[in-house]
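Here's a friendly walk through one protein structure. Have a look at the sequence and the fold, then read on.

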Amino acid sequence: VYKRQFAVLAHDVQDLSVVSSLLQDAIVPVFDMVYLEKEATFASAVNRFRWEDCETVTSGERVHAGLRFDRVNKVQYRQIDRNGPDRFIFLFSIAYDAGVVVGHFAGGAAIRLEVDGLLCVLKDLDVPWPTIWRPEHNSD
């Protein structure tokens, strides 16, 4: 059954919290992250778990999506090997405060974007597919 694709636009912290929740446990290929300095844009392809449409406790779906931040002046990476293009990192959350967006990843990795105002788009790019690998979180 085809599931409708969607796009989410974030202009403020509340909007970004929705984007962050939709991207929790996304798999992000390091090779597919790019900062386009002349366009003041940071973009990434992601493979996200569809938390919003999770029908059972043992399975779910994933979908390819695009994530874009505009008005970006500077990008900094922490504990992300940009020379390892075959590497994947796992996104936990995205936060925004006082002109700074921070993506928090597994293992203490992070991406910090200095921005002139928050403008973010998350858009599904493909048809979702089923997966039996549902992300799990320890309550510890």
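Let's start with what a cavity is: on a 1 Å grid over the protein atoms alone, it's a set of points where a 1.4 Å probe fits but cannot get out, and its lining residues have an atom within 4 Å of a point. Grid points are joined across faces, edges and corners, and the volume is the space filled by probe spheres set on the points.

Before going further, note that this is a predicted model, where local features need pLDDT of at least 70 and side-chain atom pairs count only at pLDDT 80 or more, while totals for chains, interfaces and linings use all residues. Residues are numbered from 1 along each chain as its sequence is written, and side-chain values use heavy atoms, with hydrogens and water left out.

**The cavity**

The structure holds one cavity of 30 Å³ or more. About 130 Å³ of space lies in the largest cavity. Its lining is made up of 14 residues, and those nearest the centre are Phe42, Leu67, Gly103, Phe105 and Ile111. Two or more lining residues come from each of E4, E5, E7, E8 and strand E9 (110-115). Labels like these are DSSP runs numbered from the N terminus: helices (H or I) have at least four residues, strands (E) at least two.

How many of the nine residues of strand E4 are buried? Seven are, so E4 (residues 41-49) is largely enclosed by the rest of the structure. Buried here means under 20% relative accessible area, exposed means over 50%, and partly exposed is in between (1.4 Å probe, protein chains only).

E4 pairs with two strands, where pairing takes at least two DSSP bridges. With strand E3 (residues 33-36), E4 pairs in the antiparallel sense over four bridges. Tyrosine 35 has phenylalanine 42 of E4 as its bridge partner, and leucine 36 stands opposite threonine 41. E3 and E4 form a hairpin with four residues between them, and alanine 40 in that turn has a positive phi of about 55 degrees. E4 also runs antiparallel to strand E5 (residues 60-70), joined by nine bridges. There, alanine 43 is partnered with arginine 68.

**Helix H1**

In helix H1 (residues 13-23), the buried residues are Leu16, Val19, Ser20, Leu22 and Leu23. They cover an arc of only 160 degrees around the axis (taken from the directions from the helix axis to the C-beta atoms), which puts them on the same side of H1. Those residues pack, with contact meaning heavy atoms within 4.5 Å, against strand E1 (7-10), E4, E5, strand E7 (88-97) and strand E10 (120-124).

Aspartate 25 and alanine 98 both have a positive phi and aren't glycine. Here's how each one sits:

Conventions. 1 Å grid on protein atoms, 1.4 Å probe; cavity = no way out; pocket = protein on both sides within 12 Å on 5 of 7 lines; lining within 4 Å.
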